[in-house]
Amino acid sequence: MPRPGSSERGGAVCPQRSGSKQPTTPADNYYLARRRTLQVVVSSLLTEAGFESAEKAAVETLTEMLQSYISEIGRSAKSYCEHTARTQPTLSDIVVTLVEMGFNVETLPAYAKRSQRMVITAPPVTNQPVTPKALTAGQNKPHPSHIPGHFPEFPDPHTYIKTPTYREPVSDYQVLREKAASQRRDVERALTRFMAKTGETQSLFKDDVSTFPLIAARPFTVPYLTALLPSELEMQQMEETDSSEQDDQTDTENLPLHMSTDDSGPEKENASVLQQNTSLSGSRNGEENVIDNPYLRPVKKPKIRRKK
Amino acid sequence: MNRKKGDKGFESPRPYKLTHQVVCINNINFQRKSVVGYVELTIFPTVANLNRIKLNSKQCRIYRVRVNDLEAAFIYNDPTLEVCHHESKQRNLNYFSNAYAAAVSAVDPDAGNGELCIKVPSELWKHVDELKVLKVHINFSLDQPKGGLHFVVPNMEGSMAERGAHVFSCGYQNSTRFWFPCVDSYSELCTWKLEYTVDAAMVAVSNGDLVETVYTHDMRKKTFHYMLTIPTAASNISLAIGPFEILVDPYMHEVTHFCLPQLLPLLKHTTSYLHEVFEFYEEILTCRYPYSCFKTVFIDEAYVEVAAYASMSIFSTNLLHSAMIIDETPLTRRCLAQALAQQFFGCFISRMSWSDEWVLKGISGYIYGLWMKKTFGVNEYRHWIKQELDQIVAYELKTGGVLLHPIFGGGKEKDNPASHLHFSIKHPHTLSWEYYTMFQCKAHLVMRLIENRISMEFMLQVFNKLLSLASTASSQKFQSHMWSQMLVSTSGFLKSISNVSGKDIQPLIKQWVDQSGVVKFYGSFAFNRKRNVLELEIKQDYTSPGTQKYVGPLKVTVQELDGSFNHTLQIEENSLKHDIPCHSKSRRNKKKKIPLMNGEEVDMDLSAMDADSPLLWIRIDPDMSVLRKVEFEQSDFMWQYQLRYERDVVAQEEAILALEKFPTPASRLALTDILEQEQCFYRVRMLACFCLAKIANSMVSTWTGPPAMKSLFTRMFCCKSCPNIVKTNNFMNFQSYFLQKTMPVAMALLRDVHNLCPKEVLMFILDLIKYNDNRKNKFSDNYYRAELIDALANSVTPAVSVNNEVRTLDNLNPDVRLILEEITRFLNMEKLLPSYRHTITVSCLKAIRVLQKNGHVPSDPALFKSYAEYGHFVDVRIAALEAVVDYTKVDRSYEELQWLLTMVQNDPVPYIRHKILDMLTKNPPFTKNMESPLCNEALVDQLWKLMNSGTSHDWRLRCGAVDLYFTLFGLSRPSCLPLPELGLVLNLKEKKAVLNPTIIPESVGNTQEPVNSTNNHGQSVGFQNTFSNSQEEEEIDMDTVHDSQAFIYHHLNMLERPSTPGKEQSSGEINMHPVSTAPLSVFSKESNSSKHSDHHHHHHHEHKKKKKKHKHKHKHKHKHDSKEKEKDPFAFSNSPASARSIRSPSLSD
């Protein structure tokens, strides 16, 4: 019987088919057990449909078909769920899958409640893995109602339960500064050492090139550009400080970005003055279009005249 | 002629008047660095028999000259290319300087001379006799110019415009002759038409109004047409061509700014202030800006930071900055203001002669000072004046004086007003650069003295008068004789002053302008309690070099308990003591506020002062109205009062310097209080930091509490909750920013009892670096970080070395290890995130050199040499070169010295070449009285060659080479030269008596020629036998006499002998280069093919025939010439070396 719970399992099993043929491992045992269960299901459905006997090959074929069908539901439902950036398929994923596969979902409840249905007994469990007592911790969660009792138990709670920890963020100014400083220093050190390792270096000591590696000086083709233009970092910084007024000291929630000094009063004033200035000059730039300056005039076409 | 004082006005030294000049540059090739063009000068003869026209031209290849469309013969002779003839063995600087001055005179346009002598075709003589107009048309080209025009062509992919290639004119004083033939004098004014045809992606910026821009027929180039209708000297003509970004000034639409690609945002910010400077000058001068437009161009590899030309200024691109940069902003604004001041005085108003230069420099410097006062405040202004005064005083005392207005009589050596100098001050081109800088400094200080005398109001009236006269004259388009009103002369200026103010300033002028030297006062005092009189003793030192005696009024300010009182003492010949009555009785008990000079009344703690005396402090010449140095003695508490309560920043600075000698707790307290006082001028506080460090070091055994300034810094800049961590940077308050930068640097100078930097201080500085956080700052912290590195460098003390062991990592001092760690990280981070102007790299390089010098790190110039290479930012290169220069000195490395000298000759950037010589002069590897393995004959020859012929393309560089030679070897023959030649030196001294008469005009014409030719041979003989007998030395000596005499002769010959056609016919024919029609047709065909070397060869084939004997004179050539020589063994460059020899045979005829 196609059930949401089992469909996923079917999908999960598929890759294991290529496993070893010797039914020794628990996985193999599960595989065989499922196969047997499916055979029982096929047989009971056949009985339901009025067959009294069937050839082994026919049952085998039908089992194969059923397994494929369930696997396909599982695979397809998984894809749908991942498509919407989830990891757990929901009911609607299954429904869409079934619809896509040409199955009339609305008939399903009626079919499930049909009077002549047969209930299959739990398959015999083989090789129940025994958990050593010492490792059990806490109470295993009971199965929810939609999972048949013969399904394996939930694992120990500590393997999946998460305890969200809400530590107080560090707000001590000194620690923050300390951290920011050492972080930056480490990054800079690592970065420059990496650059030095990967490129040419110069050294202050003839016998040692690794302790104080200096990245080799390389001449520029246009040296003034790097020397005069503010770096992108600085530009960005300038925009930031321009737009966002410097925050108050009390706001220490977002640690790395908001470390400000004790006095930010005068800054605010000045920052706003500066903004006014920039807007002023901005509006002037607009006027330039009407300026008559000889360098802005269009270049004339050559006249036909005798050049001296 | 023109140098005579008087009311006669301007008398041109030239026998013609230039009225208009056309400059047309129709091809500029960036790849080959060549220029092709022509000039056309419109000339009116002023004498009837004008048959030769002398013009200035250097480097240019002239391949055709026409006068009124007739082919004209010309010769080209430039004795400055090689000052002393070929391999003369003379090596004493005295001799060189005389010869050099003579050579410069020989081509000086203000003496009517020039390198290019054009013969007026005989067909025109009649025309000339009627004083009718002559049009001189000269076709020229310029190939790889080494001076005058500078090409910057980055070596990368793409078109020239994409690469940011540009070219601009540059030079020291009148250097326009380097890029086109002209009358390169500040006194020959004319109107201009300038045309430049450049690549369509480029812009040509030049003087005057851009009339139109027209595409060429192929549409790939465009021609910029400029008209300059205000009469202007050729020396004020300039040019800049490049793919500039154009910014029209938003406040003044007639002002246009240009910068190199990508820098437009910086340009916008940098020039946003310029309109205020304009407004200021126009207001104080009550005169509109004289030109109809103004252009600023920012270019790379600038010759000087600021160069002012008619209606445009060329700036170094490194002055551009963004809004985040604090330190550069005032510096750049000062440069802009300086350039603009020179537009009025220097460009619009030009000078009559070199000896009037001081007036222009003085006025432009003075009005620039007024701008400073208005913009940065009185404190900054007074600080600047004091700084300039200290500089000029130090320089004059060191070198023996700067003379603003030299008057030269007849050229006799006795009359040389600057015999204490190793160069001639007759010409701008022979001046040491440092001297010229100091000259400008003195000029504006003297203007200020004149202002003190006649009041600022009158001063500005005088300027206004000069400007309006010039302005009226400039509008007289067709009356070129009026144009001389645009020239300023010393006498004219002084007359103006006396007319406007009615005051006689002659004594002042005599003292400071016509005479060199400064005044040195020594002052001390005693208080006579009985008479209640201050007995002031003022002595002068007027015997040391660079000093002069001062007689006249001297202001003394005495701060007493009852107030501040000014006294004017009369300094006379013999009176040393001056009695000054005091106004107040000493008192202790009365608690009363003490009135200060500015009317303020303050409470003072008077417990420190002498109970008997009412004197708080005394100042001599507080207004700096004498160019002087004052050494005044008063007790420490008086200096402390002066520091605390005197409101004049100059007084405060003087007090701080004086307190260095009084390391007491009271001094410490006074300095700390000043440091903390926010109302106090920030420069004073910065100075106090360094003084405090010195005092702390002197008091090291008794010092209590934490290291000096540490708690102060902590209080001012560290977090309240965690005092070991500095606040995140916030540089909104510039005063505290400068203090924050300076304090660590000063603290690092602290030393403990072992003379080491205290560990606590080092850790403190390292923490500042560690916790430095600029993320929330509006401003860049690059200068701050750079100064923290400087602080680290300051903390370094000499390594304790055992048995001179080799410095390795293992025996590295742990503190030094920490410092090195920081420097390494900073220097490496610069590669990834470079700072503005690479200030951090500069500081790191300096710090590494300090570590090397102190023996912590092995001394090695390799690192610096890599940073000194072309392609690094100029500041970085200079810092690296400075380290190499220092290494050369400390390690006495011949190899590095050679490396530096090679760079002086070959580096593409003129400024670097100049700077290397400058640094070598300031930090010489050895001096004349020192034994050094570096001092050998080869070096002497090399330097001699450098100044004799290797630097002829750059006046400044040549003078720099002369300075270096002087520093290394002195004036006389270098002592390291082989002994036999010592006789020659003595010999020369005797011969000087012979040499002198040759300078006198009378003896020139008749006797010298035969000697001339014979000596040429004697010279070569002498050269082959260096260690020869006295007979030959005699000959060599005669030759040297001849050498200089030849120039002088030439100079005088051109001047004195009237060039009447009849008399000179014969020699003239030979001299002149007859331009036959055959080669000319070849020329004109090829004129567009830009293979100018060919034309060139043609000419010299012909020269060659006449100069067989003188072939040896062509040894010194430009590099490109020698290349050509390979192609054609008979090719001669247009080098004056060759041209000179044209003359020689004719003289011997």
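How many of the 13 residues of strand 14 (residues 221–233) of chain B are buried? The answer is 10, and the strand is thus described as mostly covered. The views below are taken from a predicted model.

**View 1. Strand 14 of chain B and its pairing with strand 11.** Strand 14 spans residues 221–233 of chain B, and 10 of its 13 residues are buried. Strand 11 of chain B pairs with strand 14 in the antiparallel sense, over 10 bridges. Within this pairing, Glu195(B) faces His225(B) of strand 14. In a regular strand, side chains alternate between the two faces of the sheet.

**View 2. The hairpin of strands 13 and 14 of chain B.** Strand 13 covers residues 209–215 of chain B and runs antiparallel to strand 14, to which six bridges join it. Val214(B) has Thr223(B) of strand 14 as its bridge partner. Five residues lie between the two strands of the hairpin, where Met219(B) takes a positive phi near 65°.

**View 3. Strand 1 of chain B and its parallel partner.** Strand 1, residues 16–29 of chain B, is mostly covered, with 10 of its 14 residues buried. Strand 11, residues 189–199 of chain B, pairs with strand 1 in the parallel sense, and the pairing comprises six bridges. Val23(B) stands opposite Leu194(B), a residue of strand 11.

**View 4. The hairpin of strands 1 and 2 of chain B.** Strand 2 of chain B consists of residues 34–45 and runs antiparallel to strand 1, with 12 bridges between them. The bridge partner of Asn29(B) is Ser34(B) in strand 2. Four residues separate the strands of this hairpin, and Lys33(B) takes a positive phi near 55° there.

**View 5. An open sheet of three strands in chain B.** The strand order is 3-7-6, and the pairing is antiparallel. Strand 3 (52–55) and strand 6 (74–76) of chain B are the edge strands, each pairing on one side only. On average, neighbouring strands of the sheet are turned by 15° against each other, direction ignored. Strand 7, residues 116–119 of chain B, is joined to strand 6 by three bridges, and the two run antiparallel. Phe74(B) stands opposite Ile118(B) of strand 7.

**View 6. The interface of chain B and chain A.** On the side of chain B, 100 residues are in contact with 76 residues of chain A. The two chains bury about 7,900 Å² between them, with 61% of this area on carbon and sulfur atoms. Six salt bridges are counted between the chains. One of them joins the side chains of Arg185(A) and Glu822(B), at 2.8 Å from N to O. Helix 20 (residues 814–832) of chain B contributes 11 residues, the largest share of the side of chain B that touches chain A. Polar contacts across this interface involve 20 residue pairs, with both residues at pLDDT 80 or more.

View 7. Chain A contains nine helices and two strands. From the N terminus on, its elements run α-α-α-α-α-α-β-β-α-α-α. Of its 308 residues, 24% count as buried. Among the contacts of chain A with a separation of 6 or more, 40% come from residues 24 or more positions apart. Ala85(A) lies in the loop between helix 3 (56–83) and helix 4 (91–100) of chain A. Although not a glycine, Ala85(A) has a positive phi of about 65°. Its relative accessibility is 70%, so Ala85(A) counts as exposed, the cut-off being over 50%.

**View 8. The loop that holds Thr286(B).** This loop of chain B lies between helix 5 (274–284) and strand 18 (294–299), and Thr286(B) is placed in it. Thr286(B) is not a glycine, yet has a positive phi of about 35°. Thr286(B) counts as exposed because its relative accessibility is 58%.

Definitions and conventions:
Residues are numbered from 1 along each chain as its sequence is written. Chains are lettered from A and ligands numbered from 1 in the order in which they are written. Side-chain values use heavy atoms; hydrogens and water are left out. Two strands pair if DSSP finds at least two bridges between them. Axes are lines fitted to C-alpha atoms, for helices over the stretch in contact, and angles run from 0 to 180 degrees between N-to-C directions. Buried means under 20% relative accessible area, exposed over 50%, partly exposed in between (1.4 Å probe, protein chains only). Contact means heavy atoms within 4.5 Å. Buried area is the accessible area (1.4 Å probe) that two parts lose on being put together, summed over both. A salt bridge is a side-chain nitrogen of Lys or Arg within 4 Å of a carboxyl oxygen of Asp or Glu. A polar contact is a pair of N or O atoms within 3.5 Å; within protein, one must be able to donate a hydrogen and the other to accept it, and residues adjacent in sequence count only if both atoms are side-chain atoms.
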